[in-house]
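Please keep the sequence and the structure in view while reading.

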Amino acid sequence: MVNALMPWGNGWLLPLGPLREPLSALLLANIVIIHHADLISEQKLYNIQSTIREMKDPLPVFFTRMAPCYFATVEEIDTRIPLTAAQGKIFLCVFAIGSPDGFVNCIEKLGALYVDRIDFSDHHMIQAKDVNWIKDISNQLWNKHRVKPVIVVTEKDNDRDQESLRGLHPFDVFILCSRLEFLLRKGHSEVDFKKLVEQLLEMKTKKLSDSFYAGG
């Protein structure tokens with residue numbers, strides 16, 4: 001999977017850069033998924049595909065995005081608040097994820113009046129001092145805009161820090177619930193992706209089976 005917002009990072013692997021594998025790993029791939037494909041221009045998408053083709057051609061390429069579904073709240077996780085609730089609100093995005101720009105972009109597109117953000121490092125666990133800092137920023141936004149802000153987090157951040165997030169009273173804490181969605185581009189769809197994966201698994205299974213009986 002390639003993050004369209006930062007496809008090759010600074011060229012370095014973790015911890016010096018954002019890459020989990022070197023670009024040469026494309027040589028071992030059977031499928032490439034370009035994620036957040038809806039958040040970049042056609043030219044940038046073309047450039048990413050050109051780099052992929054330079055490494056390995058042909059290689060099936062699929063395109064995905066994170067499709068927002070609804071909001072839940074930290075206090076009532078089963079509550080489903082429609083996305084239209086974002087319109088006209090002041091949001092403070094709080095997250096500790098590797099690629100937060102897509103999340104912020106999504107909140108902005110939902111019609112928020114103003115969006116601010118607090119970026120923690122990936123996998124950061126929210127501490128008591130962080131809770132105080134988030135409250136301070138929220139109060140500053142409240143005083144500036146005369147509208148009580150809503151704190152919004154990802155599902156991943158809520159799973160990791162639910163108890164800490166509950167300590168942000170009196171501010172509401174929304175969770176943006178999303179799902180992975182395949183984009184129909186160049187005749188490649190989710191159905192095509194599943195068929196291709198099934199074919200690859202069948203080929204792998206047959207290869208292992210043949211190897212087993214040949215060895216026996």
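How many aromatic pairs does the structure hold? The structure holds 9 aromatic pairs, where rings of Phe, Tyr and Trp (its six-membered ring) pair if their centres lie within 6.5 Å. This is a predicted model, in which local features need pLDDT of at least 70 and side-chain atom pairs count only at pLDDT 80 or more, while totals for chains, interfaces and linings use all residues. Residues are numbered from 1 along each chain as its sequence is written, and side-chain values use heavy atoms, with hydrogens and water left out.

**Aromatic pairs**

- Phenylalanine 62 and phenylalanine 193 have ring centres 5.4 Å apart and planes at 80°, so this pair is edge-to-face; planes under 30 degrees apart count as stacked, over 60 as edge-to-face and the rest as tilted.
- The pair links distant parts of the chain, with phenylalanine 62 in strand 3 and phenylalanine 193 in helix 5 (residues 190-215), 131 residues apart. Helices (H or I, at least four residues) and strands (E, at least two) are DSSP runs, numbered from the N terminus.
- Phenylalanine 62 is buried at 3% relative accessibility, and phenylalanine 193 is buried at 19%. Buried means under 20% relative accessible area, exposed over 50% and partly exposed in between (1.4 Å probe, protein chains only).
- Phenylalanine 71 and phenylalanine 91 have ring centres 6.0 Å apart and planes at 20°, so this pair is stacked.
- Phenylalanine 71 is buried, with a relative accessibility of 0%, and phenylalanine 91 is buried with a value of 0%.
- A cluster of Phe62, Phe182 and Phe193 is linked by ring pairs.

**Salt bridges**

- Side chains of opposite charge can pair when their charged atoms come close.
- The whole structure contains 12 salt bridges, each defined as a side-chain nitrogen of Lys or Arg within 4 Å of a carboxyl oxygen of Asp or Glu.
- One of them joins arginine 65 to glutamate 181, with the closest N and O atoms 2.7 Å apart. Arginine 65 lies in strand 3 (residues 61-73) and glutamate 181 in strand 7, so the pair ties together parts that are 116 residues apart in sequence.
- Arginine 65 is partly exposed, at 23% relative accessible area.
- Arginine 117 bridges to aspartate 119, and here the closest N and O atoms are 2.8 Å apart. Arginine 117 is partly exposed at 31%, and aspartate 119 is partly exposed at 38%.
- Arginine 160 and aspartate 161 form a salt bridge with 3.5 Å between the closest N and O atoms, and both residues are buried.

**Helix 4**

- Helix 4 (residues 155-165) has as its buried residues Asp157, Asn158, Arg160, Asp161 and Leu165.
- These buried residues pack against strand 4 (90-95), strand 6 (150-154) and strand 7 (173-183), contact meaning heavy atoms within 4.5 Å.

**Cysteines**

- A disulfide is a covalent bond between the sulfur atoms of two cysteines.
- The count comes to 0 disulfides under the rule of a pair of cysteine sulfur atoms within 2.5 Å.
- What is the closest cysteine sulfur to that of cysteine 93? It is the sulfur of cysteine 106, at 9.3 Å, which is too far for a bond.
- Cysteine 93 is buried at 0% relative accessible area, and cysteine 106 is buried at 15%.

- Tryptophan 12 sits in the loop between strand 1 (2-3) and strand 2 (32-35).
- Tryptophan 12 counts as exposed, with 51% relative accessibility.
- Leaving out residues up to four places away in sequence, tryptophan 12 touches Gly17, Pro18 and Leu19.
- Tryptophan 12 and leucine 23 are 11 residues apart along the chain, and 9.7 Å separates their C-alpha atoms.

**Leucine 180**

- Leucine 180 lies in strand 7 and is partly exposed, at 40% relative accessibility.
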